[in-house]
Amino acid sequence: MESALAVPRLPPHDPGTPVLSVVDMHTGGEPLRIVLAGCPEVSGPTLLAKRRYMRQHLDHVRRRLMFEPRGHRDMYGAVLVPSELPDAHLGVLFLHNEGYSSMCGHAVLALGRFALDFGLVPAPAAGTREARVNIHCPCGLVTAFVACEDGRSHGPVRFHSVPAFVLATDLMVDVPGHGKVMVDIAYGGAFYAFVTAEKLGLDICSAKTRDLVDAASAVTEAVKAQFKINHPDSEDLAFLYGTILTDGKDAYTKEPTTNICVFADEQVDRSPTGSGVTARIALQYHKGLLELNQTRAFKSSATGSVFTGKAVREAKCGDFKAVIVEVSGQAHYTGTASFIVEDDDPLRDGFLLK
């Protein structure tokens, strides 16, 4: 006789609270929790309006899925929503430990696979080796190209970014504990400050993660206090998402260059950071260190995982000279889950330890 424990069923829970069903993936070690069901309707005429609505009215969903005990302070998530753009196959809101991002490259690489495998795009024709998935992110429309075989995802994914540009170079900021530090600020769907770890007295490859996080967070707070971020299209996009510490190897080489991204509330990206690679490619192209269609490899100092990136064509974003960047990486499925809430649970909406 089959054990009752072998039959999947939900434990006791509040019947008035929707069960949150998810698919979990990772890209280069960075998690992505995709909400399949249970999130209430996200209202708003545009994706940015939906982002504001979710922050104001549905933030408990983010907290329940990202925070402990169901998640952890470095968890990342995605809520799929309808898009107002006729060319988009899906819209997405990105979730993290502090709120809602404007772009997430590792998530786009994973969502490309997910959209194809879960039927969110038309089935590719027989013999098709790559399927196109148009994903509307808060920063704009991003196109993913998903390697496939027999109609299912198989292998790496690449995406073409929104126009990526440089906002400031050689900006001097006063960083507590480090003095005057020179940083660059670039946009790859989100704004990042870039600084060589050596300028902060650290080796990107051997320093303790805690030391890298503390230094990067100090830079982020210093830039926020001393420099105003502007985006030509929307104030919703005009914020510094985090700081990326690098090994300083910005000149073109076939060898990988290493970095680590610390974003939101001291959240550490396990991957090389897709939107960060986008911004860093734009920065290198702006400085004349990289030509169109020169592919560079970017390595995460956290996990050793690698993305590749290249500037594929020039573009404009407002008055800024920009480039469209192609980023490639590999995403993997890790499981599924159903999360419930008991009505007498005092920690039902989650918590974070620092």
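Student: Leaving aside neighbours within four places in sequence, which residues is Asp184 in contact with?
Tutor: Those residues are Ala168, Thr169, Asp170, Tyr192, Ala193, Phe194, Leu283 and Lys287, where contact means heavy atoms within 4.5 Å. Please note that this is a predicted model, in which local features need pLDDT of at least 70 and side-chain atom pairs count only at pLDDT 80 or more, while totals for chains, interfaces and linings use all residues. Residues are numbered from 1 along each chain as its sequence is written, and side-chain values use heavy atoms, with hydrogens and water left out.

Student: Why is Asp184 called buried?
Tutor: Buried means under 20% relative accessible area, exposed over 50%, and partly exposed in between, with a 1.4 Å probe and protein chains only. Asp184 has 9% relative accessibility, so it counts as buried.

Student: What makes the pairing of the side chains of Asp184 and Lys287 a polar contact?
Tutor: A polar contact is a pair of N or O atoms within 3.5 Å; within protein, one must be able to donate a hydrogen and the other to accept it, and residues adjacent in sequence count only if both atoms are side-chain atoms. The value for Asp184 and Lys287 is 2.6 Å. The side chain of Asp184 also reaches the backbone nitrogen of Asp170, at 2.8 Å.

Student: How do you know that Arg52 and Asp236 form a salt bridge?
Tutor: The term requires a side-chain nitrogen of Lys or Arg within 4 Å of a carboxyl oxygen of Asp or Glu. For Arg52 and Asp236, the closest N and O atoms are 3.0 Å apart. Arg52 lies in helix H1 and Asp236 in the loop between helix H4 (209-226) and strand E12 (240-246), so the pair ties together parts 184 residues apart in sequence.

Student: Why does Arg52 count as partly exposed?
Tutor: Its relative accessible area is 32%, so Arg52 is partly exposed.

Student: What makes Arg280 buried?
Tutor: Arg280 has a relative accessible area of 1%, and is therefore buried. Arg280 also forms a salt bridge with Asp247, the closest N and O atoms being 3.8 Å apart.

Student: At what angle do helix H1 and helix H2 pack?
Tutor: Helix H1 (residues 47-57) and helix H2 (residues 59-66) pack at about 75°. That makes H1 roughly perpendicular to H2, since angles of 65 to 115 degrees carry that term, under 35 roughly parallel, over 145 roughly antiparallel, and the rest oblique.

Key. Axes fitted to C-alpha atoms, helices over the stretch in contact; angles between N-to-C directions. Helix = DSSP H or I, 4+ residues; strand = E, 2+ residues; numbered from the N terminus.
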